[in-house]
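Trainee: May we go through a structure together, one part at a time? I would like to learn how to read it.

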Amino acid sequence: MHNQHINSIAIIGAGTMGNGIAHVCALSGFPVRLMDRSIEQLKIARQMIEKNLKRMAQKQRITPDQVHSTLARIQSYTDIKQAIVDVDIIVEVVPEQISVKKAVWNEIEQEIDPKRLKQTIFATNTSSISISALAQELIFPENMIGMHFFNPVPVMSLVEIILGEKTSEKTFKTVERLTSNLGKTPIRVHDFPGFVSNRILMPMINEAIYALYEGVAEKEAIDQVMTLGMAHPMGPLRLADFIGLDVCLNIMKVLHKGFQDDKYSPCPLLIEMVDEGHLGNKTGHGFYTYTV
Ligand code: 3HC
């Protein structure tokens with residue numbers, strides 16, 4: 001099965017994951033067209049990429065020249081039509097709501113040069129949305145695939161590649177090769193709720209929250225059990241804060257609904273914290289406190 005050559009990449013959405021993906025694509029030598037409707041978000045993304053590249057240069061992982069050449073490969077756009085001109089793959093990284101993602105893909109299908117539609121790969125970065133459901137209304141559902149990156153993208157070596165019901169083998173092979181060219185390891189999985197990563201990670205985090213809720217131990221103790229006893233780089237409660245408690249709750253709901261099994265019921269403490277707006281690092285309050 002042949003794969004297709006990727007020369008340039010559009011990334012739709014310049015939040016934390018979008019800027020991380022732009023960082024690794026540009027550092028690997030690909031011209032990147034980064035799009036967000038907010039100019040402010042694009043500015044923040046560029047600052048983050050520069051900061052993270054400089055951090056890598058300080059640690060002598062890359063040279064100062066690579067910092068400049070990587071930044072020079074990233075063009076910013078607020079218009080979707082301009083951002084997707086002549087690219088081989090579009091990586092969509094917008095918020096985790098199926099209606100929002102579907103609206104973006106509909107717009108892309110309308111705005112893309114019709115001659116390129118059949119050959120362009122549509123990749124969605126998602127932690128829990130079904131690839132088959134997202135591809136349902138597309139003209140070429142065989143071109144859609146999930147590329148689940150992990151935060152912080154420049155550091156984490158996994159990309160979980162999710163095949164929807166109609167994803168073609170050619171699309172998979174192309175994305176598999178691209179992922180390797182980004183210096184990441186592609187792992188092929190099928191389209192089940194939570195895929196593999198979040199089906200395992202989120203129940204563990206939820207269970208850690210239950211342990212806190214039921215008074216089994218203090219938060220620091222729960223985290224230390226997992227860092228010292230299981231060599232996790234972060235304890236599950238600190239990781240939940242890092243991921244975002246709203247994101248964790250949303251994924252537990254996807255698992256609960258998708259499998260119709262109460263073993264995936266979100267812990268009441270998680271629901272309460274999200275209701276109170278304590279979402280972790282991004283709001284300054286979660287299981288721990290942070291400076292925002
Ligand atoms: N860009 C570039 N480099 C970065 C970086 C970034 N954004 N963040 C950290 N680094 C580098 C540092 O420079 C350092 O490099 P070195 O090894 O050359 O010294 C290395 O990463 C470690 O960073 P620090 O020394 O600052 O801090 P830590 O050792 O505490 O590591 C961490 C920080 C990498 C975040 C580590 O705690 C970790 O791996 N935590 C777990 C993260 C995780 O599980 N992520 C997945 C979340 S789940 C997800 O994303 C999926 C979703 O669907 C929920």
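**A loop residue, then the sheet**

Mentor: Let us start with A231, which sits in the loop between α10 (219–230) and α11 (236–243). Please keep in mind that this is a predicted model.

Trainee: Is A231 buried or exposed?

Mentor: A231 counts as exposed, because its relative accessible area is 66%, and exposed means over 50%.

Trainee: What about its backbone, then: what is phi of A231 near?

Mentor: Phi of A231 is near 60°, which is a positive value in a residue other than glycine. Most residues other than glycine have a negative phi.

Trainee: Where does Q260 lie?

Mentor: Q260 belongs to the loop between α12 (245–259) and α13 (268–275). Phi of Q260 is near 50°, again a positive value in a residue other than glycine. With a relative accessibility of 67%, Q260 is exposed.

Trainee: Let us change topic. In what order do the strands of the sheet come?

Mentor: The sheet is open and has eight strands, in the order β3-β2-β1-β4-β5-β6-β7-β8, with mixed pairing. The edges are β3 (74–77) and β8 (185–190); each has a single partner strand, so one side of each is left without a neighbour in the sheet. On average, neighbouring strands of this sheet are turned by 25° against each other, direction ignored.

Trainee: Which strands does helix α2 touch?

Mentor: Helix α2 (residues 39–58) packs on the sheet and touches β2 and β3. The direction of α2 makes about 165° with that of β3.

Trainee: How many bridges join β1 to β2?

Mentor: Four bridges join β1 (residues 9–12) to β2 (residues 32–35), and the two strands run parallel. I9 has V32 as its bridge partner in β2, while A10 stands opposite R33 in β2.

Trainee: Which residues cover the two faces of β1?

Mentor: I9 and I11 are on one side, A10 and I12 are on the other, and all of them are buried. In a regular strand the side chains alternate between the two faces of the sheet.

Trainee: Which residues is A10 in contact with, away from its neighbours in sequence?

Mentor: Leaving aside neighbours within four places in sequence, A10 is in contact with R33, A83, I84, V87, I89, I90 and V91. A10 counts as buried because its relative accessibility is 0%, and buried means under 20%. A10 and P31 are 21 residues apart in sequence, and their C-alpha atoms are 8.6 Å apart in space.

Trainee: And which residues touch the most other members of the largest nonpolar core?

Mentor: That core has 39 residues, and I9, I11, L34, I89 and M147 touch the most other members. Beyond its neighbours within four places in sequence, I9 is in contact with C25, F30, P31, V32, R33, V87, I89, V91 and L178.

Trainee: Next, the loop between α6 and β5, where K118 has its place. Is K118 buried or exposed?

Mentor: K118 counts as exposed, at 59% relative accessibility. Its contacts, leaving aside neighbours within four places in sequence, are F140 and N143.

Trainee: T120 lies in the loop between α6 (114–117) and β5 (121–124) too. Is T120 buried or exposed?

Mentor: T120 is buried, with a relative accessible area of 0%. The side chain of T120 reaches the backbone oxygen of R116 at 2.6 Å. Leaving aside neighbours within four places in sequence, T120 is in contact with V87, D88, I89, I90, I112 and N143.

Trainee: I would also like to ask about the ligand. Which residues come nearest to the ligand?

Mentor: There are 19 residues around the ligand, and K59, R61, S127, H148 and N151 come nearest. An N or O atom in the side chain of K59 is 2.9 Å from an oxygen atom of the ligand. For an N or O atom in the side chain of R61, the distance to a ligand oxygen atom is 2.8 Å. For H148, an N or O atom of the side chain is 2.7 Å from an oxygen atom of the ligand.

Trainee: What is the peptide bond from N151 to P152 like?

Mentor: That bond, from N151 to P152, is cis, with omega near -5°. Most peptide bonds are trans. P152 lies in the loop between β6 (144–148) and β7 (158–163).

Terms used: Residues are numbered from 1 along each chain as its sequence is written. This is a predicted model: local features need pLDDT of at least 70, side-chain atom pairs count only at pLDDT 80 or more; totals for chains, interfaces and linings use all residues. Side-chain values use heavy atoms; hydrogens and water are left out. A nonpolar core is a set of buried Ala, Val, Leu, Ile, Met, Phe, Trp, Tyr and Cys residues joined through side-chain atoms within 4.5 Å. Buried means under 20% relative accessible area, exposed over 50%, partly exposed in between (1.4 Å probe, protein chains only). Contact means heavy atoms within 4.5 Å. Two strands pair if DSSP finds at least two bridges between them. Axes are lines fitted to C-alpha atoms, for helices over the stretch in contact, and angles run from 0 to 180 degrees between N-to-C directions. A residue is near a molecule or strand if one of its heavy atoms lies within 4 Å of it. A polar contact is a pair of N or O atoms within 3.5 Å; within protein, one must be able to donate a hydrogen and the other to accept it, and residues adjacent in sequence count only if both atoms are side-chain atoms.
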